[in-house]
Amino acid sequence: MADVPENAPEHCPGTGSEEAGKTSACAGCPNQIICASSKPKEADPAVDQIKVRLLSVQHKILVLSGKGGVGKSTFSVCLARALSRNLETANKQVAVLDVDICGPSVPTMLGLAGEQVHQSGSGWSPVYADENLAVMSVGFLLNSPDDAVIWRGPKKNTMIKNFLRDVDWGDLEYLVVDTPPGTSDEHLSVVTYLAKAGIDGAVIVTTPQEISLQDVRKEISFCRKVNVPILGVVENMAGFVCPKCKVESAIFPPSTGGAEKMCQDLNLTLLGRIPLDPLIGRCCDEGKNFLDEIPQSRATQALIAAADKIKEACELAKRGTENTHSHSNGVHY
């Protein structure tokens, strides 16, 4: 797909399109003359290379949210933990790709802070949190966890391309891609590079309050504009359950109906409501597996239930793709 500039008109064809600068949507755009006079960009060969590299990856899931601080990385890690523990007897693997270039927190959450990436003849080798849970993050490439990543868009773009093309992921059942907040460079890069490899869909993470939902609606709009299916929405920090009296309180009251009302309005699936549990934060700080440490927690049960729904959605997406290919070949089920 063509790169769509930030703050572009609603129907912007993108800077790499043959129609750039020539459609009615381009009228009044300050870049119209530049786009119209530029030759269409050639497709990046990395897109085909990534398709080949990821042929052994069954499902690719993006974890998105337009809002920062909603627990997106925490959910990505817990989702990967839940998916991987159900695969232990099947000799299958799960991987987390952390493309939050400026704030790579996944290594710490998985107890891998200080680990380094090694290179072999087949590419970069991911770091393993468990026998069947692989991880790749720019955090492994820093000299110190306190080092700041001060990169412009093109360098971020190149790093994401390298992660997708050059990492030897092996045979994966699930690749969970943890993204930063927003709808800009990193998100466009991931969607562009996975255009031919295929994306099962996105999991949108929000919290109940309207200020979060406002940004999440933008993320949903982004997915629909770039043709990324939405597997569903997870409402994180949905109430606080007192560990002593077990009474639930709404720390972030859903003043406009929360994620449930938003899903009804936008025809989306609510995958689950994850209660706020301070032990999740402690386990992530210490690199421990919250699902195993506190198995009876309501948050654990909600996370596992959400992971099961995501697995079902991925299987439906896969069957839909297979049926589409079969029909196009004249084969009907």
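Q: Leaving aside neighbours within four places in sequence, which residues is Met262 in contact with?
A: Leu213, Val216, Arg217, Ile220 and Val233, once neighbours within four places in sequence are set aside. Contact here means heavy atoms within 4.5 Å.

Q: What kind of model is this, and how are the residues numbered?
A: It's a predicted model, where local features need pLDDT of at least 70, side-chain atom pairs count only at pLDDT 80 or more, and totals for chains, interfaces and linings use all residues. Residues are numbered from 1 along each chain as its sequence is written, and side-chain values use heavy atoms, with hydrogens and water left out.

Q: Back to Met262: where is it found?
A: In helix H8. Helices (H or I, at least four residues) and strands (E, at least two) are DSSP runs, numbered from the N terminus.

Q: Is Met262 buried or exposed?
A: Met262 is buried, because its relative accessible area is 2%. The cut-offs: buried is under 20% relative accessible area, exposed is over 50%, and partly exposed is in between, with a 1.4 Å probe and protein chains only.

Q: OK, Phe163 next. Where does it sit, and is it buried or exposed?
A: Phe163 is in helix H5 (residues 153-166). Phe163 has a relative accessible area of 0%, so it counts as buried.

Q: What does Phe163 touch, leaving aside neighbours within four places in sequence?
A: With those neighbours left out, Phe163 is in contact with Leu97, Asp98, Trp124, Met136, Ser137, Val138, Leu141 and Trp169. For Ser137, 26 residues away along the chain, the C-alpha separation from Phe163 is 8.3 Å.

Q: Where is Ser65, and is it buried or exposed?
A: Ser65 is in the loop between strand S1 (57-64) and helix H3 (72-85). Its relative accessibility is 0%, so Ser65 counts as buried.

Q: What does the side chain of Ser65 reach?
A: The backbone oxygen of Val205, at 2.7 Å. That's a polar contact, meaning a pair of N or O atoms within 3.5 Å; within protein, one must be able to donate a hydrogen and the other to accept it, and residues adjacent in sequence count only if both atoms are side-chain atoms.

Q: Which residues does Ser65 touch, not counting those up to four places away?
A: Val70, Lys72, Pro180, Pro181, Gly182, Val205, Val216 and Glu219.

Q: Switching topic: how many cavities of 30 Å³ or more does the structure hold?
A: One. On a 1 Å grid over the protein atoms alone, a cavity is a set of points where a 1.4 Å probe fits but cannot get out, and lining residues have an atom within 4 Å of a point.

Q: How much space lies in the largest cavity, and what lines it?
A: About 40 Å³. That volume is the space filled by probe spheres set on the points, with grid points joined across faces, edges and corners. The lining is Val77, Cys78, Arg81, Cys283, Cys284, Lys288, Asn289 and Phe290.

Q: Which element gives the most to that lining?
A: H3, with three residues.

Q: How do the lining residues divide?
A: Five are nonpolar, one is polar and two are charged. In that scheme Ala, Val, Leu, Ile, Met, Phe, Trp, Tyr, Cys and Pro are nonpolar, Asp, Glu, Lys and Arg are charged, and the others, Gly among them, are polar.

Q: What about phi at Asn227?
A: Asn227 has a positive phi of about 60 degrees, although it is not a glycine. Asn227 lies in the loop between helix H7 (210-225) and S9, and it counts as exposed because its relative accessibility is 69%.

Q: And Asn267, what's its phi and where is it found?
A: Phi of Asn267 is near 60 degrees, again a positive value in a residue other than glycine. Asn267 is in the loop between helix H8 (258-266) and strand S11 (270-276). At 71% relative accessibility, Asn267 counts as exposed.

Key
On a 1 Å grid over the protein atoms alone, a cavity is a set of points where a 1.4 Å probe fits but cannot get out, and a pocket is an open set with protein on both sides within 12 Å along at least five of seven lines; lining residues have an atom within 4 Å of a point.
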